[in-house]
Amino acid sequence: MIDSLFSLLEGFLVALTWQNLLYCFIGVMLGMIIGILPGLGPVSGTALLIPITFGMEPVSAIIMLSGIFYGSMYGGTITSVLVNVPGEAASVITCIDGYEMTKQGRAGTALGVAAIGSFIGGIVAVMVLTFVGPFLSSVALKFGPPEFFSIMLLGMLMIVALMGKSLIRGLIAAFIGLLLSMVGQDIVSGEYRFTFNSFHLMEGIDFAVMAMGLFGISEILINAENPARVGKPPKVKGLLPRREEWPSTLKAVGRGTGIGMILGLIPGANSIIASTFSYILEKKVSKDPSRFGKGAIEGVAGPETANNAHSGAALIPLFSLGLPSSPTMAVILGAFIMHGLTPGPTLFTNNPDFVWGLIASMFIGNVMLLILNLPLVGMWAKIAMVPYKLLFPIILMVIFLGTYSLNGSLWDVGMMMVFGIIGYIMKKLDIPISAMIVTFILGSQLESSMLQSLSISTEGFLIFFLRPISTVIMLITIVVFAMSIYSTIKNKRSNLEADVEI
Amino acid sequence: MTNAKTGIIAGVAVLTLGIVSLIISFDYGYYSEIGPGPGFFPVWISGILIVLAILYIIENLRGKNVSSEEWPAGQSLKQVLFIIMSLLVFFVLFLLAGYIVAGIVFLSMVFWKEYKWYVAVLLSAGITLIFYVLFNHLLKVHLPIGGMLF
Amino acid sequence: MKQMGSLLKKKNLLVLISILLLLLSACSNNEAKGNAEEPALDYPKKPIQLIVPFAAGGSTDIGARILEKYLPQYLEGAKIVVVNKPGGSGTVALSDLYASKADGYTLALTTHRAVAMQPLYGKTKYSHDSFQPIAKVFGNQQILVVRGDAPWKTFEDWFDYVKNNPGQFTFGVAGGIGSGSHLPMAELERLAGIKVKPVPFEGTSPAITALLGGHVDGVILQPSDAKAMIESGELRAIFNAASTPVPYFPDIPLLKDKGYDIAYDSNTSLLAPKGVPQEIIEKLQEAVKKTLEDPAVIAEFEKVNLQIQPGDDKSVQKELDEENRRSKEILTELGLIK
């Protein structure tokens with residue numbers, strides 16, 4: 001423990017050289033820009049920039065890449081809050097209450113809380129995990145395909161059960177999302193599914209195309225019905241939560257940190273699972289769940305913290321086991337190997353200056369993000385002050401061009417517009433959009449983990465109930481499902497559950 | 001049109017989607033000798049979607065759990081259709097005449113009612129050009145200036 | 001992944017940001033110092049996209065990253081961008097290559113298997129002779145690993161176990177059922193009369209994760225993917241299914257030495273779509289040849305445990321044809337294809 005502390009101090013010596021500080025700064029800034037641009041997310045951001053790190057020292061290179069990674073996670077939040085377009089998958093959940101807060105003139109607060117939450121989540125996750133991570137990550141290996149399948153099933157079901165007015169409508173959204181995730185080539189068998197022999201569909205539907213249409217365009221169509229309702233946005237009332245909101249905000253940040261950390265340790269657990277669970281937990285523990293979906297500050301603080309704690313924690317399995325826990329981590333792993341570093345049990349002993357330097361730089365990077373953002377938040381929030389009649393055409397244009405820039409293809413733009421209309425109709429029918437997009441993101445992993453479980457299993461589907469962790473999760477899933485059905489039959493749902501209209 | 005009716009129409013649409021995808025899914029191997037095949041998931045998902053669609057239609061027929069959202073009518077409907085139409089114009093002009101023309105026409109259309117005509121045109125041209133510079137020069141994403149027409 | 005594949009096409013953004021960074025950082029020492037070979041040929045004048053059909057961090061990816069770094073030194077003005085397009089045992093990426101413009105700006109570094117074997121399933125638009133090989137780059141083996149605490153110390157231990165417990169031993173195969181990492185075991189099953197259970201994974205990393213967690217009993221992989229873990233004793237190699245021993249683990253027994261006629265090599269070559277002008281092919285071949293002779297490159301390949309095996313376009317095509325013929329026989333015998 002003491003040894004680790006000394007190593008960490010030495011790490012700071014490495015990270016605090018002016019060069020590494022500069023790279024850290026560049027990484028964080030680039031990451032933020034990448035996160036704000038619609039379409040570009042952390043995976044593509046880090047992958048795009050890997051070649052630039054060739055001429056650098058390995059430590060500097062990895063410091064910069066990690067900076068891009070968590071910078072883009074934060075950047076993605078900004079567009080979710082301001083214009084209801086999630087910049088990357090983990091911010092989908094932030095849209096729900098973040099955008100509502102913007103409508104109430106509290107964009108500054110939403111962004112401020114997200115910055116503070118991200119900072120605390122990121123720092124605490126790194127700090128705790130530095131000391132206990134290597135031990136925990138071997139425990140996390142107990143998560144095999146059956147556990148993955150059960151936890152993803154639980155996450156999806158919770159989204160459905162807790163977010164809509166009707167279980168059936170939620171399930172319809174979820175299953176359409178799953179069906180859409182099947183489009184493209186199947187990873188396991190190589191079979192092309194639902195591509196209708198179109199080359200454009202072979203790689204599947206892009207998350208960004210779907211999110212920009214379902215969230216961004218549909219919101220503008222809803223607003224178009226009644227321009228007077230949008231009117232002039234109220235003044236931005238400061239960057240910090242109101243005095244009475246602090247305790248609940250900080251509690252949400254604390255819970256978010258815990259959830260993000262635990263899920264980040266498990267190689268393969270997506271960050272959207274972390275933010276989803278955090279949102280659901282906040283809604284469950286809240287005294288007045290009806291505020292959720294109407295601009296509840298915990299609905300932003302919790303998930304944002306969770307997703308940053310997740311990104312910090314995700315580095316631990318990479319360091320200690322050499323196993324990437326997300327697509328972004330896989331890209332960073334490639335960078336490690338390219339620079340002659342072999343992540344795995346030997347990394348801490350063979351390259352201590354590297355590991356500790358990087359950990360120290362994450363402290364510094366997170367501080368930088370916070371310092372950069374508190375003043376910038378005011379600037380971002382001013383975007384929400386632009387008169388709507390001027391703002392919405394510009395948003396439409398950015399969404400249009402952002403989609404076009406993905407592949408330079410109008411096909412994507414057309415598909416995005418179709419999703420926009422679908423999103424509008426879904427809002428009118430009160431079918432929850434977020435249930436559809438969450439299942440879409442997790443769909444292919446859900447499928448492959450189920451196929452793996454069944455291949456491993458000697459008892460068929462019983463495998464999900466023969467392993468302790470998976471059994472517990474499955475039982476919770478069944479209870480949640482049973483309760484939802486019960487309340488649907490009793491038709492108490494609309495009284496009991498606070499309704500979120502997304 | 002009542003909300004229950006639109007709910008039924010939507011239910012039928014989802015039902016159709018489920019049936020079509022179920023038929024397509026049967027083309028992919030449901031089960032291989034080693035385990036579930038590529039058709040396993042799609043078949044189940046489509047099947048469950050069909051059941052859900054039927055339940056949804058029944059709910060709406062009984063008038064239970066109907067969406068409380070109002071469908072737009074009159075002026076509101078016109079405004080929604082107007083935005084969809086202007087996006088389509090943007091799309092088609094982008095294809096035919098390139099970004100600059102499409103951008104200016106699209107923005108002028110949506111600004112027309114809100115601003116005086118010359119303000120609308122100037123504003124549109126300004127915004128279009130700013131984005132052109134941003135994407136083409138800063139981000140190096142090539143936005144076509146000419147289209148299929150010229 | 002989908003997002004990544006499509007977004008990586010934004011190589012222009014990359015160029016911009018790299019210029020920015022070069023301006024910002026005085027420490028970059030990676031300027032291309034090429035020597036003009038054929039000044040008449042105006043190639044390359046824009047970034048070359050090098051498609052890797054597997055996820056970042058795998059053998060093919062690492063090899064591609066080395067080429068990305070060094071090839072521009074022997075190809076004046078070149079900027080190479082590695083694009084990972086995993087999925088479908090490489091067929092996603094190769095279908096893209098097949099459909100791409102034959103202008104020399106889209107190339108792929110791919111295992112022979114993805115080209116020679118996958119088309120046998122009849123789901124790809126391309127076949128084993130649909131591409132223009134440029135050069136062979138490196139080779140690798142395939143081995144079966146188990147956890148270090150597994151009861152099987154030797155091939156014989158393991159073999160006795162699977163012989164006496166049919167259908168009990170589960171092993172992860174990266175790329176799915178019937179893929180290249182499944183075949184050696186499938187053939188061993190047939191030749192030795194044993195029965196084991198394959199579990200499909202998206203790639204080697206998730207398969208190793210599952211192995212370490214005890215969810216599968218073994219994984220078939222390339223030795224370079226698990227070198228550190230084998231050295232530290234966390235994983236143990238049981239057999240080598242290739243025709244050559246692993247240079248750094250010469251003790252792993254070859255299946256063919258154990259009396260089974262099985263030899264699955266994993267060779268990796270640089271391919272282009274058919275129809276790329278001959279001058280461009282020759283220029284690329286020349287550049288690859290010089291790159292692979294560069295001592296710095298040899299050192300890099302050694303550092304990441306990949307074995308350079310140069311070869312020209314004709315020898316690559318010959319190996320592709322041969323592997324296609326052999327796989328066809330085996331897959332037919334196994335009943336995986338008709």
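## Exercises on a predicted model

C:Asp149 counts as exposed, since its relative accessibility is 62% (exposed means over 50% relative accessible area, buried under 20% and partly exposed in between, with a 1.4 Å probe and protein chains only). The model is predicted, so local features need pLDDT of at least 70 and side-chain atom pairs pLDDT 80 or more, whereas totals for chains, interfaces and linings use all residues. Residues are numbered from 1 along each chain as written, chains are lettered from A and ligands numbered from 1 in the order written, and side-chain values use heavy atoms, without hydrogens and water.

**Exercise 1.** Identify the partner with which C:Arg147 forms a salt bridge, and state whether C:Arg147 is buried or exposed.

*Solution.* Step 1: the partner of C:Arg147 is C:Asp149, with 3.4 Å between the closest N and O atoms (a salt bridge is a side-chain nitrogen of Lys or Arg within 4 Å of a carboxyl oxygen of Asp or Glu). Step 2: C:Arg147 has a relative accessible area of 19% and is therefore buried.

**Exercise 2.** Describe the salt bridge of A:Arg193 and its place in the chain.

*Solution.* Step 1: A:Arg193 pairs with A:Glu447, their closest N and O atoms lying 2.8 Å apart. Step 2: the pair joins distant parts of the chain, as A:Arg193 belongs to strand S2 (residues 192–193) of chain A and A:Glu447 to helix H20 of chain A, 254 residues apart (helices are DSSP runs of H or I with at least four residues, strands runs of E with at least two, numbered from the N terminus). Step 3: both A:Arg193 and A:Glu447 are buried.

**Exercise 3.** Determine how H8(A) and H20(A) are oriented to each other.

*Solution.* Step 1: the axes of helix H8 (residues 167–181) and helix H20 (residues 433–456), both of chain A, come within 7 Å and cross at roughly 45 degrees (axes are lines fitted to C-alpha atoms over the stretch in contact, with angles from 0 to 180 degrees between N-to-C directions). Step 2: H8(A) and H20(A) are therefore oblique to each other (angles under 35 degrees are roughly parallel, over 145 roughly antiparallel, 65 to 115 roughly perpendicular, and the rest oblique).

**Exercise 4.** Locate B:Ala120 and list the residues that it touches, leaving out those up to four places away in sequence.

*Solution.* Step 1: B:Ala120 lies in helix H5 (residues 117–138) of chain B. Step 2: its relative accessibility is 0%, so B:Ala120 counts as buried. Step 3: beyond four places in sequence, B:Ala120 touches B:Ser108, B:Phe111, B:Trp112 and B:Tyr115 (contact means heavy atoms within 4.5 Å).
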